[in-house]
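Open the model in a viewer and keep the selection tool at hand. The stops below say what to select and what is there.

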Amino acid sequence: MAEHGFVTLAFDPSYTGESSGLPRNVASPDINVEDFSAAVDCLGLLPEVDRERIGIIGICGWGGMALSAAAVDKRIKAVVASTMYDMTRVMSKGYNDSMTLEQRTRALEQLGQQRWKDVEAGQPAYQPPYNELHGGEAPFLVEYHDYYRTPRGFHPRAVNSGNAWTITTPLPFMNLPILAHIKEISPRPILLVHGEKAHSRYFSETAYAAAAEPKELMIIPGAVHTDLYDRTDAIPFNTLTAFFQKNLPASA
């Protein structure tokens, strides 16, 4: 987006990658929505930035966070969610809302017990390393491996590159829906971008159905979930540019 003429800030979420905070590799919906508002704070201090012309882009799980941030932070004038996950939905209900109440109750009981273990140990325990293949994985897990565990997307500090979130990270995600107020983004515009063959496509489709106008859902033919991470031939940069130019117009 910087190459397309925008003042652009890319950041790692709090407690991950190059961002600060302890313990490492922990997430929560309130903190990660706040990350976007903090980014808006930062941009608004730059003399070359018009505070009335700030938009945001969220990718994967942070697509849902971006929508939530736009709902609550009226300084955000346009929002794009690309290959979006609603992390509160998938953690609290499972993929395609398949988790039963019994399974949810059992998971919460286990997570509560893990909190005792963590406080007794004085540090959090972590889930098994992500995106290792042992055979028989679902195709979308192979796609994650082919991005995060290869030179294509590997970084030694990336959560998904053989590291993991804390075991108790799901707890706050299981307690609320981050898209409860998505209608309140209106009359500011939403652009949802998703791959035709992405396992996660239903997140964007249901978010689109729940949102108020103006809104647009763009499906990229043949693309899987991870294609919109880095495939410059699949990411619709011209559409993103046109979207922000239209919806963040220069002052008269």
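Which residues does serine 204 touch, not counting residues up to four places away in sequence? Select serine 204 and show its surroundings: the residues it touches are Met84, Leu192, Val193, His194 and Leu217. Bear in mind from here on that this is a predicted model. Serine 204 lies in helix α7. It has a relative accessible area of 0%, so it counts as buried.

**The main core**

Next, select Ile56, Leu67, Val79, Ile185 and Ile190. They are the residues with the most contacts inside the largest nonpolar core, which has 46 residues. To see where this core comes from, colour the elements that give two or more residues to it: the helices α1 (29–44), α2 (61–72), α3 (87–93), α5 (139–148) and α7 (201–210), and the strands β2 (78–82) and β3 (190–195). The most comes from α2, which gives seven residues.

Apart from neighbours within four places in sequence, valine 79 has contacts with Ile56, Ala66, Leu67, Ala70, Ile185, Pro189, Ile190, Leu191 and Phe243. There is also a second, separate core, with 14 residues; select Val80, Leu191, Val193 and Leu240, which are among them.

**Where α1 meets α2**

Hide everything but α1 and α2. At what angle do these two helices pack? The angle is about 70°, and the axes are 8 Å apart. Angles of 65 to 115 degrees count as roughly perpendicular, so α1 and α2 are roughly perpendicular to each other. For the contact itself, show side chains on both helices: α1 supplies Pro29, Asn32, Val33 and Phe36, while α2 supplies Trp62, Met65, Ala66, Ser68 and Ala69. Sorted by class, the contact of α1 with α2 has seven nonpolar residues, two polar ones and no charged ones.

**Cysteines**

Select cysteine 42 and cysteine 60. Cysteine 42 is partly exposed, at a relative accessible area of 41%. Cysteine 60 has 16%, which is under the 20% limit, so cysteine 60 is buried. With a disulfide taken as a pair of cysteine sulfur atoms within 2.5 Å, the count is zero.

Move to arginine 188, in the loop between α6 (170–173) and β3. Is arginine 188 buried or exposed? Its relative accessible area is 11%, so arginine 188 counts as buried. Show the residues in contact with arginine 188, leaving aside neighbours within four places in sequence: Ala70, Ala71, Asp73, Lys74, Ile76, Lys77 and Pro214. For a distance check, pick the C-alpha atoms of arginine 188 and glutamine 245; they are 57 residues apart along the chain and separated by 14 Å.

**Backbone details**

Proline 214 sits in the loop between α7 and β4. Proline 23 belongs to the segment before α1.

Two further places to check are in loops. Aspartate 97 is in the loop between α3 and α4 (101–121). Its phi is positive, about 55°, although aspartate 97 is not a glycine. Aspartate 97 is partly exposed, with a relative accessible area of 34%. Asparagine 131 is found in the loop between α4 and α5, and has a positive phi near 65°. Is asparagine 131 buried or exposed? Asparagine 131 is buried, at a relative accessible area of 12%.

**Last stop: glycine 222**

Select glycine 222, in the loop between β4 (215–220) and α8 (227–230). A relative accessibility of 36% makes glycine 222 partly exposed. Apart from residues up to four places away in sequence, glycine 222 touches Glu196, Lys197 and Asp227. Finally, draw a line from glycine 222 to proline 47: C-alpha to C-alpha, they are 42 Å apart in space, and 175 residues apart in sequence.

Key
Residues numbered from 1 in each chain as written. Predicted model: local features only at pLDDT ≥ 70, side-chain atom pairs only at ≥ 80, totals over all residues. Heavy atoms only, no water. Helix = DSSP H or I, 4+ residues; strand = E, 2+ residues; numbered from the N terminus. Buried < 20%, exposed > 50% of the residue type's maximum accessible area, 1.4 Å probe, protein only. Contact = heavy atoms within 4.5 Å. Core = buried A, V, L, I, M, F, W, Y, C linked by side-chain atoms within 4.5 Å. Axes fitted to C-alpha atoms, helices over the stretch in contact; angles between N-to-C directions. Parallel < 35°, antiparallel > 145°, perpendicular 65-115°, else oblique. Nonpolar A, V, L, I, M, F, W, Y, C, P; charged D, E, K, R; others polar.
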